[in-house]
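Here is a short briefing to read alongside the structure. Take a moment to look over the sequence and the 3D view, then follow the topics below.

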Amino acid sequence: MKNYAKSHPHRMGAWTAESKTNVATMGVDDFRSTEKSVIIAEDGALRIELKGDDGSTTVLRESVPVQKGEVVDASVMRVAALREFLAAQVARAKQEGVLFSVHLKATMMKVSDPIIFGHVVRAFFPKTFAKYGEKLAAAGLTPNDGLGGIYKGLEALPEGAEIKASFDAELAEGPELAMVDSDKGITNLHVPPT
């Protein structure tokens with residue numbers, strides 16, 4: 001990272017007024033803004049359903065036992081809004097000259113965070129996923145597994161080198177990306193939260 005002093009690679013360099021940072025959150029259509037809580041009136045069971053925009057209903061969990069007085073909390077995230085937000089943040093990072101980095105609270109959100117992470121990877125590489133998304137999916141390579149997982153899987157694909165070149169081109173033209181290990185080229189998007 002450019003703020004590290006060259007003579008002491010594990011110490012931060014001097015802080016300068018040119019250093020910029022900001023944190024962006026969706027604010028709407030995300031888990032925080034849609035959260036609802038209810039206190040259960042009597043012992044029983046709840047069913048968890050996903051209501052699709054097309055009117056379909058998918059049962060996610062048939063029966064969840066609940067007790068009187070228990071607090072049940074639920075929220076949703078709108079994927080279309082998430083994708084729009086992420087695309088805007090990638091563009092903004094490039095425009096403002098700041099590192100792009102994503103941080104998810106994996107200890108609390110073990111199911112949703114890898115999926116959200118996948119949307120981040122997809123947002124950083126829109127051209128590659130537009131062109132090769134179907135081939136990647138057919139090969140079982142998902143952005144939810146991170147860029148590292150995709151790169152590893154590309155080795156087995158006939159057009160793997162071509163797809164890797166597309167990822168590399170978008171890495172070069174996109175905003176600077178936070179690194180986990182810059183010596184090995186491991187970015188913040190290589191490994192999903194676990």
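Across the whole structure, which is a predicted model, a search turns up five aromatic pairs.

**Aromatic pairs**
- Phe-129 is buried at a relative accessible area of 7%, and Phe-167 is buried at 0%.
- Tyr-151 also pairs with Phe-167: the ring centres are 5.9 Å apart and the planes are at 80°, so this pair is edge-to-face.
- Here too distant parts of the chain are linked, with Tyr-151 in helix α4 (residues 146-154) and Phe-167 in helix α5, 16 residues apart.

**Around Tyr-151**
- Tyr-151 counts as buried because its relative accessibility is 15%, under the 20% cut-off.
- Lys-164 lies over the face of Tyr-151, 4.5 Å from the ring centre.
- One aromatic cluster takes in Phe-100, Phe-124, Phe-125, Phe-129, Tyr-151 and Phe-167.

- Strands β2 (residues 44-51) and β3 (residues 57-66) run antiparallel and are joined by seven bridges.
- Gly-44 has Val-66 of β3 as its bridge partner, while Leu-46 stands opposite Val-64 in β3.
- Five residues lie between the two strands of this hairpin, and Gly-55 takes a positive phi near 90°.

Methods: Residues numbered from 1 in each chain as written. Predicted model: local features only at pLDDT ≥ 70, side-chain atom pairs only at ≥ 80, totals over all residues. Heavy atoms only, no water. Pairing = 2+ DSSP bridges. Helix = DSSP H or I, 4+ residues; strand = E, 2+ residues; numbered from the N terminus. Phe/Tyr/Trp six-rings, centres within 6.5 Å; stacked < 30°, edge-to-face > 60°. Buried < 20%, exposed > 50% of the residue type's maximum accessible area, 1.4 Å probe, protein only. Lys NZ or Arg CZ within 6 Å of the ring centre and 35° of its normal.
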